Amino acid sequence: MHLLSTRQIESSEQLDSLFNVANSIRCSNLAKNKFLGIVKDEASTRTRISFEVAMKSLGGEVILLDLDNSSSIFKGETVEDTIMTMAENVDVIVMRHSQKGMIHHCSKFSSVPIISGGESDTEHPTQGLLDAYTIYKETGRLDNLNIMMVGDLKCSRTIHSLLYLLSLHKHNIIYLISPEDMKLPEEYFFNDLHFIHNSDFLESLTNIGKKLDILYMTRLQKERYSENLDNNPYYCLGEKESQYLGEACSVLHPLPRNKEISTNFDKDPRAAYFKRQIKNGKYIRMALLGNLFTKGTFLN
Ligand code: NCD
């Protein structure tokens, strides 16, 4: 079984059960003598570090392969052959790829489970899981939430993965704040979520900032557009905007940050993105790998 989409999670109970493993998992030898291969053609900081630390915390080893001039891709080898080679050497593969459908495609060639570490502008399931886990840890629930998602909703694969998980629970209201040309694609309008769209961030914050449980900021995914968007006006959580947020609202960001959250906000107790969200990523990934090595499957 591969982990390519959060849509593979069948119920809120299955999600709770993963959270329970993440709550209790700490360093162990569950991955002793096991190897994790990371294969990627896109930049990665957090996903790579976090999988590496998760695997090593479980006593396992990690091999990193960048699909660039340093691999045989440079000599004309296909990605399929590269994956087959990696699969013969390791027990599980994390793959990140810039091309839509590539990870699904490669999973058919792999003799070991593949975990998507983020594919093009489609999905990033483990980030979605750690985001859901963070929301749960911050608020104590995954239902009856007011969540504002801000930015490039068209290309934010982390939001695409997270929305499905939120749809497993009842009465969640999602405020979508994006420029008109970066709206959330229709396929992510999951049933059971109530969506409200606005392109004006400040106006939305003024109206409902005090009611929000979670504010989820994202960067503009410049690399996914052919035009130069360097000077594009973009949303920013600065001093003015943060005044409209309630005291209990947690601010999340999958990172990397560009300009969408002022660095002055980092020390605010509501800022969950560096300290808490990143830590949660390690435990969710340890839980997935731990499940795989003990039960033979990522989820119960
Ligand atoms: C995100 C990604 O790569 O999709 N970051 C991450 O994995 N933590 C978000 C982004 O690139 O903007």
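Predicted model: local features only at pLDDT ≥ 70, side-chain atom pairs only at ≥ 80, totals over all residues.
Me: Hi! How do the strands of the open sheet line up?
Reply: The open sheet has 4 strands in the order E2-E1-E3-E4, and their pairing is parallel.

Me: Which strands sit at the edges?
Reply: E2 and strand E4, residues 114-119, are the edge strands, and each of them pairs on one side only. On average, neighbouring strands in this sheet are turned by 15° against each other, direction ignored.

Me: What holds strands of a sheet together, in general?
Reply: Strands pair through backbone hydrogen bonds, in a parallel or an antiparallel way.

Me: Over how many bridges do E1 and E2 pair?
Reply: E1 and E2 pair over 6 bridges, in the parallel sense. As one example, valine 39 has leucine 65 in E2 as its bridge partner.

Me: Switching to charges: how many salt bridges are there in the whole structure?
Reply: A search of the whole structure turns up 15 salt bridges.

Me: Which residue does aspartate 66 form a salt bridge with?
Reply: Its partner is lysine 40, and the closest N and O atoms of the pair are 2.7 Å apart.

Me: Why does lysine 40 count as buried?
Reply: Lysine 40 counts as buried because its relative accessibility is 8%, and the cut-off for buried is under 20%. Aspartate 66 has a relative accessible area of 23%, so it is partly exposed.

Me: What about aspartate 268, which residue is its salt-bridge partner?
Reply: Aspartate 268 forms a salt bridge with arginine 270, with 2.8 Å between the closest N and O atoms. Both aspartate 268 and arginine 270 are buried.

Me: Which residues are linked in a network of salt bridges?
Reply: That network links Glu42, Arg157, Arg219, Glu223 and Arg224. Within it, the side chains of arginine 224 and glutamate 223 meet at 3.9 Å, N to O. Arginine 224 is partly exposed at 21% relative accessible area, and glutamate 223 is partly exposed at 46%.

Me: New topic: where is asparagine 33?
Reply: Asparagine 33 lies in the loop between helix H1 (12-24) and E1.

Me: Is asparagine 33 buried or exposed?
Reply: Asparagine 33 counts as exposed, with 67% relative accessibility.

Me: And what does asparagine 33 touch?
Reply: Leaving aside residues up to four places away in sequence, asparagine 33 touches Gly59 and Asp91. From glycine 140, which is 107 residues apart from it along the chain, asparagine 33 is separated by 37 Å between C-alpha atoms.

How values were computed
Residues numbered from 1 in each chain as written. Heavy atoms only, no water. Salt bridge = Lys/Arg side-chain N within 4 Å of Asp/Glu carboxyl O. Buried < 20%, exposed > 50% of the residue type's maximum accessible area, 1.4 Å probe, protein only. Helix = DSSP H or I, 4+ residues; strand = E, 2+ residues; numbered from the N terminus. Contact = heavy atoms within 4.5 Å. Pairing = 2+ DSSP bridges. Axes fitted to C-alpha atoms, helices over the stretch in contact; angles between N-to-C directions.
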